[in-house]
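Hello,

Here is the structure for your files. My notes follow below it.

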Amino acid sequence: MTHTLHREGSDESLKDDYLLLITPAMKFNDKGAAGKIKKLIDIVFDVGPTNYGCYEKGQNILSGIDVQIIKDATKDNSRIRCVFDSKEKFKEVIKRIVKADLGLSVAVTGLQSSIKEVLDELNIDAHSINIAMGTYGKTEKLPDEKFRMITTMCGHGMVSPDLVKDVIIKIKRKRISIKEAAIILSKPCACGIFNHERAARLLKEFIPYYSIQD
Amino acid sequence: MQIDTERCVGCGRCHSYCPDQAIYFEDGVSKIDEDLCFECGTCLRSEICPVDAIYEVDDVFTYPRSVRKFFSDPTTTHKETNMPGRGTEEVKTNDVTNRYKKGEVGVALEIGRPTVGTRLYEVEKITMGLAKAGFNNFEESNPVFGLMADPVIGKFKKEVLDERLLSVIIEFICTENELERCLNVTHELSKEIDTVFTMSLISCYEPGMKIRIQDIIDRSKFIPRHNAKINIGIGRKSN
């Protein structure tokens, strides 16, 4: 599994989590791709992603970069990586991207049943699939399963389990809110696929399971 | 990464940002265990240090230390592929590249993820095991290929074996006819490594989004999750 496929959790916790990935194919359609990507960025921001990342700046929109900075940094090998927290927005963005017909490859990640439902509604018969087959090997080395449901939302493993622990302690001590904690957790994810809305929902669910000692 | 111990005030704010717990206290200031450090740059990008004591040394881009950087920091671009991150397009552009055709299955093993990390000698255990079983057509456009001394037997270059990386993705293609044996071999190899790996399988759909390899997956010892990455098929060649 790679990148967006690492996400862990129940179907219920993953149902409002739709990832969009638009990628120029090197040597096939990357020449002049920057202009197309900028048009697609406009479409994506017009619909309104939950989070959006910029590899070129190493930051996502929750870290403070805006759409103009992202567009200015766009090159032919840039990629669109973002997440939507509602089926309606996800369906709308796919519909507009298909209509724009710019020729770049579009991949989406989420629960297979949820994605198929949206694609069926748009009469799209998808091309190929990358199936998440799970985690193996020395799994006893893995951190707490609840922490992983949050940390694996960063496709490159940049969100540390210790940071989850740190924000849980701060929430418990009433130094930050759950919403602020979710934003803190989202910042290390440079590619912007960390869904802070889902993180907030998970933190709210998990908080009662942990206690802190002075 | 390193911390300027003259400047560090020992607040410890950076510690929780490290995905590898490589930052520790010593003599009242924070230090980075260079042997553990992935060079992912998360501590620096977090801008959490109140006195700007975290910095990147020049030798991070000097081989073989550079291997850590290119495989662990998603904001870097691999020289071999001109792709940011770890440098694979896999299913994301399959509608254009036709890398995985009907009758073929793309196999991707991401070693070290989630969270645990890996030395390259652990990765070599898997590549050599796969190669011994005949699965040695490792993807040449994946940057891992460039680290191999002998891809035919899955052997890595000696100087990179001890390097510690956040993740390494091994990619290869097998036929649908060979997939069942491939999954059995991979399951056996999972018992031999001192880290974790995740696996994904890439396949073209049949009409109606029917998964061609579902029966083989159902017979295997692997338990697939309900999520997937799906190429919706609207890309085209234009170069």
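Two residues are in contact if their C-beta atoms, placed from the backbone, lie within 7 Å. In that sense Leu185(A) touches Ile150(A), Val159(A), Leu163(A), Val164(A), Val167(A), His196(A) and Ala199(A), leaving aside residues up to four places away in sequence.

This is a predicted model, in which local features need pLDDT of at least 70 and side-chain atom pairs count only at pLDDT 80 or more, while totals for chains, interfaces and linings use all residues. Residues are numbered from 1 along each chain as its sequence is written, and chains are lettered from A and ligands numbered from 1 in the order in which they are written.

Chain A has 9 helices and 6 strands (DSSP runs numbered from the N terminus: helices are H or I, at least four residues; strands are E, at least two). Of its 214 residues, 54% count as buried, that is, with 20 or more other C-beta atoms within 10 Å of their own, C-beta atoms being placed from the backbone.

Now the two chains together. In chain A, 68 residues are in contact with 73 residues of chain B. β6(A) gives the most to the side of chain A that touches chain B, with 10 residues.

There is also strand pairing (at least two bridges found by DSSP between two strands). β5(A) pairs with β13 of chain B (residues 227-231) in the antiparallel sense, over 5 bridges. Within this, Thr109(A) stands opposite Lys229(B) in β13(B).

Regards

Notes. A residue is buried if 20 or more other C-beta atoms lie within 10 Å of its own, exposed if 12 or fewer, and partly exposed in between; C-beta atoms are placed from the backbone.
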